[in-house]
Amino acid sequence: MLDEEYRPFFREDHRLFRDQVRSFLEREIEPHHEQWERDGVVSRDAWLKAGAAGILCSSVTEEHEGPGGDYLHNAVVIEEMAYVGVSGPGFWIHSEMVVPYIETFGTAEQKSRWLPQLVSGEAIGAVGMSEPGAGSDLRGITTSAVRVPEGWRIRGQKVFISNGQLADLVVLAAKTSPKERSSRSLSLFLVDTSLPGFRRGKNLDKLGYHAQDTSELFFDDLIVPEDALLGNEGDGFSQLIHGLARERISIAVSCQAKAEYAFRQTLAYVKERKLFGRGLGEFQNTRFRLADLRTEIAVGRAYVDQMLVRYIEGGLDAETAALAKLWTTEMLGRVVDACLQLHGGWGYMREFPIARAYADARVERIAGGSSEVLREIIGRAVVGGER
Ligand SMILES: Cc1cc2nc3c(=O)[nH]c(=O)nc-3n(C[C@H](O)[C@H](O)[C@H](O)COP(=O)(O)OP(=O)(O)OC[C@H]3O[C@@H](n4cnc5c(N)ncnc54)[C@H](O)[C@@H]3O)c2cc1C
């Protein structure tokens with residue numbers, strides 16, 4: 001980490017937690033990551049160990065068998081994973097996307113049923129929004145949920161779902177007014193993947209994030225009980241707007257830490273590499289590039305930390321979360337590109353951490369709201385107008 005000393009909002013308990021997370025990652029995650037990259041998925045055992053170590057769902061209260069921490073504990077997990085370059089375990093999707101939907105909109109029964117299992121890692125969560133024909137355009141979702149005497153009948157398909165091969169629970173976006181595109185046409189459901197009618201498609205072959213499972217999911221007339229509905233019928237869009245703001249802040253936290261990781265890897269490399277009888281770091285071009293990157297990362301750190309403080313104080317709106325995601329993901333793209341360049345051909349080899357960091361970083365400008373979608377959100381907030 002750079003500039004650690006300038007982060008006074010982290011309390012002593014956060015610092016102790018950071019040490020625990022770091023040693024957990026060194027012990028239980030890093031040694032297995034290459035194997036998981038080959039497997040295309042992280043082992044369930046790692047999830048259970050993360051649960052036992054208190055790494056999952058930091059903000060869940062003790063009432064639901066959680067660690068009773070706050071958002072900054074979650075941020076610590078996100079940062080520490082980035083600082084060791086492990087992108088396989090989809091812990092943040094589980095802790096930062098799935099859990100907040102249940103905490104914010106779930107009934108007492110839904111919370112008691114799902115939160116303890118998510119905390120322990122016995123249940124793994126995923127969020128199912130995107131479809132082959134609807135990613136940015138969520139109003140175009142065609143997965144439907146129709147009322148039947150037993151509850152809801154769900155029919156449709158999702159794609160690109162992180163944790164999709166492992167998921168025991170999917171927070172699913174489905175049209176409850178299938179023919180409409182209005183803001184009241186969508187609802188969210190807590191779908192138990194052990195129910196008949198749920199089917200996993202293939203684990204998709206990606207450019208990066210090789211250890212993370214990303215899947216197609218199919219819902220073939222799957223019947224969920226009435227109480228699988230999250231919140232009220234028709235609340236789906238407003239729930240997603242709420243959830244996406246948190247997702248975007250978490251992506252910003254992650255991308256800032258990933259840029260710092262890429263920089264550190266590159267600094268170590270240029271200090272070692274010799275060419276033309278000199279060290280790579282002795283070339284003025286290298287020093288100037290690193291000076292620019294160092295500056296950009298330091299500015300990013302100040303910005304992300306300000307966002308973190310605003311978020312924990314409760315003052316972060318959807319537009320500001322969009323700004324944070326847009327800037328940090330674009331910054332990460334610039335940083336990993338320049339860092340890879342400084343590695344020369346070795347930077348293109350997957351055995352070097354910068355090659356993986358480069359491939360992993362590319363998706364950050366696409367998933368969770370692409371840069372174009374975010375510019376639309378920010379632009380509308382600035383100038384006004386409908387999308
Ligand atoms: C590795 C990975 C993990 C993912 N994990 C999940 C997950 O867990 N759950 C989930 O639901 N989804 C997930 N996604 C899906 C992701 O959120 C979508 O890929 C993303 O929202 C973009 O949708 P799309 O791929 O359909 O692209 P499209 O929406 O078809 O976009 C195509 C292009 O059009 C641009 N565009 C879109 N809207 C506008 C506009 N208004 N103006 C101008 N240009 C525009 C886009 O920026 C893009 O460049 C994941 C994707 C990947 C790659």
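The lining of the largest cavity is made up of six nonpolar, three polar and one charged residue, where Ala, Val, Leu, Ile, Met, Phe, Trp, Tyr, Cys and Pro count as nonpolar, Asp, Glu, Lys and Arg as charged, and the others, Gly among them, as polar. This is a predicted model, in which local features need pLDDT of at least 70 and side-chain atom pairs count only at pLDDT 80 or more, while totals for chains, interfaces and linings use all residues. Residues are numbered from 1 along each chain as its sequence is written, and side-chain values use heavy atoms, with hydrogens and water left out.

**The cavity**
- A cavity is a set of points, on a 1 Å grid over the protein atoms alone, where a 1.4 Å probe fits but cannot get out, and its lining residues have an atom within 4 Å of a point.
- Grid points are joined across faces, edges and corners, and a volume is the space filled by probe spheres set on the points.
- By this rule there is one cavity of 30 Å³ or more, and the largest cavity holds about 60 Å³ of space.
- The elements that give two or more residues to its lining are α4 (71-83) and α5 (91-105), helices being DSSP runs of H or I with at least four residues and strands runs of E with at least two, numbered from the N terminus.
- With four residues, α5 gives the most to this lining, whose members include F91, W92, S95 and E96.

**The ligand**
- Of the 18 residues around the ligand, the nearest are S130, S136, F160, S370 and E372, a residue being near if one of its heavy atoms lies within 4 Å.
- The shell around the ligand has eight nonpolar, seven polar and three charged residues, and β1 (125-128), β3 (151-162) and α11 (371-383) each supply at least two of its residues.
- An N or O atom in the side chain of E372 is 2.6 Å from an oxygen atom of the ligand, whereas a backbone N or O atom of V127 lies 2.8 Å from a ligand nitrogen atom.

**Annotated domains**
- UniProt, in an unreviewed entry, lists residues 126-221 as "domain: Acyl-CoA oxidase/dehydrogenase middle", and over this stretch the chain is 0% helix and 50% strand.
- The UniProt annotation "domain: Acyl-CoA dehydrogenase/oxidase C-terminal", also from an unreviewed entry, covers residues 234-382, where the chain is 75% helix and 3% strand.
- Such annotations may be inferred rather than shown by experiment.

Technical notes
On a 1 Å grid over the protein atoms alone, a cavity is a set of points where a 1.4 Å probe fits but cannot get out, and a pocket is an open set with protein on both sides within 12 Å along at least five of seven lines; lining residues have an atom within 4 Å of a point. A polar contact is a pair of N or O atoms within 3.5 Å; within protein, one must be able to donate a hydrogen and the other to accept it, and residues adjacent in sequence count only if both atoms are side-chain atoms.
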